[in-house]
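Good morning, everyone. Please look at the screen while I walk you through one model.

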Amino acid sequence: MRKLIVGNLKMNLLTIAERDRYVESFKKEMKAAEFADSQIVLCPPAVHIENFVNKLKTETVSIGAQNIFWEERGSYTGEISAPMVKNMGAEYAIVGHSERRKYFSETNEIANAKIRVALKNGLVAIYCVGESKEQRSVGITADVIIQQVTEGLAGIPAAKMKSVVIAYEPIWAVGSDVVPSSNEILEVKILLKKIFTDAYGPAVAEKILILYGGSVKVATANQVCLEPGMDGALVGRESLIPSEFIKIAKIISGN
Ligand code: PGA
């Protein structure tokens with residue numbers, strides 16, 4: 001099955017020189033790599049999307065947005081819409097990232113509106129779900145995930161689910177160096193498969209890609225992605241180092 005390796009560059013690459021160095025280094029590393037059945041997605045800050053599309057987009061490398069707004073146009077100062085990023089050549093949008101939930105009070109309902117507008121505009125939505133440390137410690141991980149998925153995907157018909165990717169990102173593992181065990185990840189993957197099978201039937205559920213995200217590194221990729229049988233990864237910090245990111249992508253795609 002196709003693997004998806006997504007790099008979330010977050011609020012980095014502050015200068016044109018820094019961005020250009022990243023792009024050059026990524027190109028060089030990619031040249032040496034071979035990916036038979038994998039897709040790599042780079043999600044730079046929105047101001048760099050156009051440049052990344054022009055310089056890095058290939059059959060194997062797609063570009064995505066880290067966030068989009070739920071309306072398509074109008075008086076929403078500072079926001080960036082799905083048609084804008086689509087028309088710049090992006091093909092993916094991350095929705096509901098835990099940092100958006102934490103710093104911008106994004107809810108499952110907001111994520112739902114963003115997923116709808118992403119799909120309407122032909123973008124693949126990468127929907128992030130995951131429990132906090134406190135939620136895990138009181139044993140409500142499954143409840144949290146079920147709620148995030150049912151509310152976040154409410155009203156999205158089965159036929160549209162081919163354009164939705166799920167990223168399971170336990171919040172306690174994002175931006176930290178805490179690495180979940182492969183069993184902890186597998187449990188959530190099984191739960192997600194069950195939710196999707198119940199909601200959409202086995203044929204659709206089987207095709208929904210489920211990624212893992214949170215402190216993915218070369219040293220952990222095997223434990224957090226291969227062992228629990230994930231369909232790929234959402235990589236934060238390590239995606240800022242093209243050589244490391246591409247090594248991770250190679251491990252996950254079995255190259
Ligand atoms: P991290 O971030 O790899 O730096 O933990 C992952 C993410 O935020 O998606």
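This is a predicted model: local features need pLDDT of at least 70, side-chain atom pairs count only at pLDDT 80 or more; totals for chains, interfaces and linings use all residues.

A word on naming before we start: helices (H or I, at least four residues) and strands (E, at least two) are DSSP runs, numbered from the N terminus. Residues are numbered from 1 along each chain as its sequence is written, and side-chain values use heavy atoms, with hydrogens and water left out.

Back to Val178. What does Val178 touch? Its contacts are Trp172, Ala173 and Ser215, leaving aside neighbours within four places in sequence. Contact here means heavy atoms within 4.5 Å. Val178 and Val6 are 172 residues apart in sequence, and their C-alpha atoms are 20 Å apart in space.

Now helix 1, residues 16-32. Its 17 residues should span 24 Å at 1.5 Å a residue, and its end C-alpha atoms are 25 Å apart, which agrees. The expected span is 1.5 Å times one less than the number of residues. Which residues of helix 1 are buried? They are Arg19, Tyr22, Val23, Phe26 and Met30. Seen down the helix axis, these buried residues fall within an arc of 95°, so they line one face of helix 1. The arc is taken from the directions from the helix axis to the C-beta atoms. Turn to the face away from that buried side. There you find the exposed residues Arg21, Lys28, Lys31 and Ala32. And what does the buried side pack against? Strand 2 (38-43), helix 2 (49-56), strand 3 (61-65) and helix 11 (242-253).

Buried in helix 11 are Pro242, Phe245, Ile246, Ile248, Ala249 and Ile252. They fall within an arc of 155° seen down the axis, so they line one face of helix 11. The cover over them includes strand 1 (3-8), helix 1, strand 2, helix 10 (221-226) and strand 8 (232-235). Just after helix 11 comes Gly254, with a positive phi of about 70°.

Next, the cores. A nonpolar core is a set of buried Ala, Val, Leu, Ile, Met, Phe, Trp, Tyr and Cys residues joined through side-chain atoms within 4.5 Å. The largest one has 66 residues. Which of them touch the most other members? Phe26, Leu153, Leu192 and Phe196. Helix 8 (residues 182-200) gives the most to this core, with 7 residues. Another core lies apart from it, of 14 residues, among them Val6, Cys43, Val165 and Leu211. As for Phe26, its contacts are Ile40, Leu42, Leu56, Val61, Pro242, Phe245 and Ile246, not counting residues up to four places away in sequence.

On to the rings. Rings of Phe, Tyr and Trp (its six-membered ring) pair if their centres lie within 6.5 Å; planes under 30 degrees apart count as stacked, over 60 as edge-to-face and the rest as tilted. How many aromatic pairs does the structure hold? It holds 7. One of them is Phe69 with Tyr76, a tilted pair at 4.9 Å centre to centre, with 45° between the planes. Phe69 is buried, at a relative accessible area of 8%. Tyr76 is partly exposed, at 35% relative accessibility. Tyr168 and Tyr212 form an edge-to-face pair, 6.4 Å centre to centre, with 65° between the planes. Tyr168 lies in strand 6 (residues 164-168) and Tyr212 in strand 7 (residues 210-213), so this pair ties together parts 44 residues apart in sequence. Both Tyr168 and Tyr212 are buried. Ring pairs also link Tyr22, Phe26, Phe52 and Phe245 into a cluster.

Last stop: the loop between strand 1 and helix 1, where Leu13 lies. Leu13 has a positive phi of about 65°, although it is not a glycine. At 6% relative accessibility, Leu13 counts as buried.

Methods:
Buried means under 20% relative accessible area, exposed over 50%, partly exposed in between (1.4 Å probe, protein chains only).
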